[in-house]
Amino acid sequence: MRYTVPSRVDWVDIAKGICIILVVLMHSTLGVEKAVGADGWLHGLVAFARPFRIPAFFLIAGLFLARRIDQPWRAYADSKVLHFAYFYVLWLVIQCLVKCGLEAERWDLVPLHMLEGLVQPYGTLWFIYMLPVFFVATRLLRDVPAPVVLVGAAMLQIAPIETGWLPVDEFADRFVFFYAGHALAPFIFRFAETVRSDHRPAAAALLVWAVINGIAVWAGVAGLPGVALALGAAGAAAVVAASVLLVPTIAAVPLRYCGAHSIVIYLAFVLPMAATRIALVTTGLVPDVGTMSLIVTVVAVTGPLMLERIVRGTRLDLLFVRPAWARLGDRRTLVAAE
């Protein structure tokens, strides 16, 4: 695939912001509902976003790959494999220490959890685990005609593959969206420009999509083979369109900031999320389940952003900035949002 993509696009960070907030919302809401044994008013929104939340995230992740895919393997491995591996291992250690510390100080379980996490992605970190896999797979397939890869990836997504080993299952289920972001990037950017030039048809199409997506979720068919693929693709397109429409609005400011720091939020949201949920459930200060879920979500999103700002420029910035010693070749540091 040979084409030129822009270095920065205004709606892309907004789309990433939408996706990361929906991911945090899902984990926060389901965690609260499980803890209290009841559903809240955010449950419907979480269910509505399920068909497209992760497909859109992976599609956006593949959009700019054309700028790096022809790099020498050493440079490619540094930016697309080691980069994410560093943050995965670092936050795997942090999460294992916290989890084992809360479990009656079972520090002896830390090595076991870490070894398991190298084979079976650990908790919410699975997205960071799978990105290098997708980057390598796409690089290896770069000389295969894109339509062939897309059809094959779509067939994998439709096939009932459930091995229990998350890397295999998630590859089969998600690779088609990541590869589509890469292979169809020129069409996606043109689609975004079409939406920008004429808002009315896009807004109407979004309304129709929302109704269809909602009906599919309500009817319990959103996860069926073929239907999940169609809803994932349509939902990813809807996120692109919605992001373009949001560019001139005030909502674009926080969404763009969250999107530009999406990996920061993704790496660290679990800890403030869990702490806030435990505090609210234990104290009973907020009796409404939906409101409690919303508070947990807000803290889980803003907490990592505050932490990143606090540690910026200090020795602890290695939490979000890959240090020189963790880089191949060139000794410069790399920011997490690379």
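Ala, Val, Leu, Ile, Met, Phe, Trp, Tyr, Cys and Pro are counted here as nonpolar, Asp, Glu, Lys and Arg as charged, and the others, Gly among them, as polar. On that basis, the lining of the largest pocket in this predicted model comprises 23 nonpolar, 5 polar and 7 charged residues.

The largest pocket has a volume of about 1,100 Å³. Its lining is made up of 35 residues, and those closest to the pocket centre are Arg50, Asp173, Arg174, Gly223 and Ala228. Several helices contribute at least two lining residues each, namely helix 1 (10-36), helix 2 (43-49), helix 3 (53-62), helix 7 (146-158) and helix 8 (166-183). Helix 8 provides the largest share, with 7 residues.

Two of the residues closest to the pocket centre, Asp173 and Arg174, also pair with each other, their side chains forming a salt bridge at 3.6 Å, N to O. Arg174 counts as buried, at 17% relative accessibility, whereas Asp173 is partly exposed, with a relative accessible area of 25%.

In total, the structure contains 9 salt bridges. Within helix 1, Lys16 and Asp13 sit 3 residues apart, about one turn of the helix, and their side chains meet in a salt bridge of 3.9 Å, N to O. Asp13 counts as buried because its relative accessibility is 7%, and buried means under 20%.

A further salt bridge joins the side chains of Arg322 and Asp78 (3.0 Å, N to O). Arg322 belongs to strand 1 (residues 321-322) and Asp78 to helix 4 (residues 73-102), so this pair ties together parts 244 residues apart in sequence. Both partners are buried, Arg322 at 0% relative accessibility and Asp78 at 4%. Finally, a network of salt bridges links Asp10, Glu193 and Arg196.

Notes. Residues are numbered from 1 along each chain as its sequence is written. This is a predicted model: local features need pLDDT of at least 70, side-chain atom pairs count only at pLDDT 80 or more; totals for chains, interfaces and linings use all residues. Side-chain values use heavy atoms; hydrogens and water are left out. On a 1 Å grid over the protein atoms alone, a cavity is a set of points where a 1.4 Å probe fits but cannot get out, and a pocket is an open set with protein on both sides within 12 Å along at least five of seven lines; lining residues have an atom within 4 Å of a point. Grid points are joined across faces, edges and corners, and a volume is the space filled by probe spheres set on the points. Helices (H or I, at least four residues) and strands (E, at least two) are DSSP runs, numbered from the N terminus. A salt bridge is a side-chain nitrogen of Lys or Arg within 4 Å of a carboxyl oxygen of Asp or Glu. Buried means under 20% relative accessible area, exposed over 50%, partly exposed in between (1.4 Å probe, protein chains only).
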